[in-house]
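Let's take a walk through this structure together, going from its confidence values to its core, its rings and its charged pairs. Keep the 3D view open as you read.

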Amino acid sequence: MNRWPTYLVSFTVLIVLQLLIFNNIQFSGFVNPYAYVMFILILPMAIPTWILLLLSFMTGIVIDIFAGTMGVHAFATVMAGFARPWVLSLNITAEASEPEMSPSSHTNGLRWFFIYTTTVVFIHHFSLFFVEVFSFTNFFHTLLRVLLSTMVTTFFIILFDIIRPRR
C-alpha cells in the first residue's frame with residue numbers, strides 16, 4: 001500500500017504548524033519547540049538511508065528558507081536522520097519490526113515511542129543549538145536550552161502522535 005500521500009500531508013501540516021505557531025513560542029529564550037522533527041520520526045522503519053537523509057535535508061532546508069536560518073536546521077535534521085536507524089536498531093524488538101510500519105505509540109507502545117522520540121529529538125536539538133551558537137563558551141547554558149527544548153518538543157510530538165489517526 002502506497003502511503004506517500006499520507007507522509008506528504010504530514011510533512012505539510014508539520015511545516016505549517018512549525019512556521020506559524022511553534023516558531024513564535026519562546027520561553028525566556030530557553031525553550032524553542034521544533035515539532036517538525038516528527039516527520040523524520042514517523043517515516044517507515046525500512047526506508048532506505050539515502051531517502052531518509054534526503055527527506056531530512058529537505059525538511060530542514062524548508063524550515064531554513066522560511067525562518068532565515070541559513071542551513072542550521074538542515075544540518076540538525078540530517079544529523080537526526082543519520083542517527084535514526086541507529087536509535088531504531090537499539091530500541092526495536094523482533095515482533096515490532098515490520099518494514100513498512102511507521103513508528104508510533106499505537107504500534108510500539110508509549111514507553112518505546114517516548115525513548116525513541118526523546119533520543120532523536122535530543123540529537124537534533126544538540127546539533128541545532130550548538131551549531132547555532134557555534135561556541136562552547138556558554139556550554140551549560142546551551143545544554144540547558146537543549147534539555148528544556150527537548151522536553152517540550154517531545155511532549156508535543158507524543159501529543160500529536162496520540163491524536164493522529166492509527167496507522
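This is a predicted model: local features need pLDDT of at least 70, side-chain atom pairs count only at pLDDT 80 or more; totals for chains, interfaces and linings use all residues.

Two residues are in contact here when they have heavy atoms within 4.5 Å of each other.

The chain has a mean pLDDT of 90, and 93% of its residues reach 70 or more. Among the elements of the chain, helix α3 (residues 49-67) has the highest mean pLDDT, 96, while helix α5 (residues 105-108) has the lowest, 88.

Now for the core. The largest nonpolar core holds 41 residues, and Tyr116 is one of those with the most contacts inside it, along with Phe39, Leu43, Ile157 and Phe160. Two or more residues of this core come from each of α1 (4-20), α2 (38-41), α3, α4 (72-91), α6 and α7. Helix α6 gives the largest share, 9 residues.

Apart from neighbours within four places in sequence, Leu55 is in contact with Trp4, Phe39, Leu43 and Ile47. If you also find Phe82, which is 27 residues from Leu55 along the chain, the C-alpha atoms of the two are 11 Å apart.

Next, follow helix α6, which covers residues 110-133. Its 24 residues reach 33 Å from the first C-alpha to the last, close to the 34 Å expected at 1.5 Å a residue. After α6 comes Phe134, which has a positive phi, near 55°.

What about the aromatic rings? The structure holds 15 aromatic pairs. In one of them, Phe139 and Phe140, the ring centres are 5.2 Å apart and the planes stand at 85°, so this pair is edge-to-face. Phe139 counts as partly exposed because its relative accessibility is 28%, whereas Phe140, at 66%, counts as exposed. Compare Phe156 and Phe160: their ring centres are 6.4 Å apart and their planes lie at 35°, so that pair is tilted. Both of these residues, Phe156 and Phe160, are buried. They lie in helix α7 (residues 139-163), 4 residues apart, about one turn of the helix. In general, an α-helix has 3.6 residues a turn, so residues three or four places apart point the same way. Elsewhere, Phe139 and Phe140 belong to one aromatic cluster with Phe122, Phe126, Phe130 and Phe136.

How many salt bridges are there? The count comes to 2. One joins Glu132 and Arg145, with the closest N and O atoms 3.2 Å apart. Because Glu132 lies in helix α6 and Arg145 in helix α7, this pair ties together parts that are 13 residues apart in sequence. Glu132, at 40% relative accessibility, counts as partly exposed, while Arg145, at 11%, counts as buried. In another salt bridge, the side chains of Arg164 and Asp161 meet at 2.9 Å, N to O. Arg164 counts as buried at 16% relative accessibility, and Asp161 is buried too, with a relative accessible area of 0%.

Notes
Residues are numbered from 1 along each chain as its sequence is written. Side-chain values use heavy atoms; hydrogens and water are left out. Rings of Phe, Tyr and Trp (its six-membered ring) pair if their centres lie within 6.5 Å; planes under 30 degrees apart count as stacked, over 60 as edge-to-face and the rest as tilted. Buried means under 20% relative accessible area, exposed over 50%, partly exposed in between (1.4 Å probe, protein chains only). The expected span of a helix is 1.5 Å times one less than its number of residues. pLDDT is the predictor's confidence in each residue, from 0 to 100. A nonpolar core is a set of buried Ala, Val, Leu, Ile, Met, Phe, Trp, Tyr and Cys residues joined through side-chain atoms within 4.5 Å. A salt bridge is a side-chain nitrogen of Lys or Arg within 4 Å of a carboxyl oxygen of Asp or Glu.
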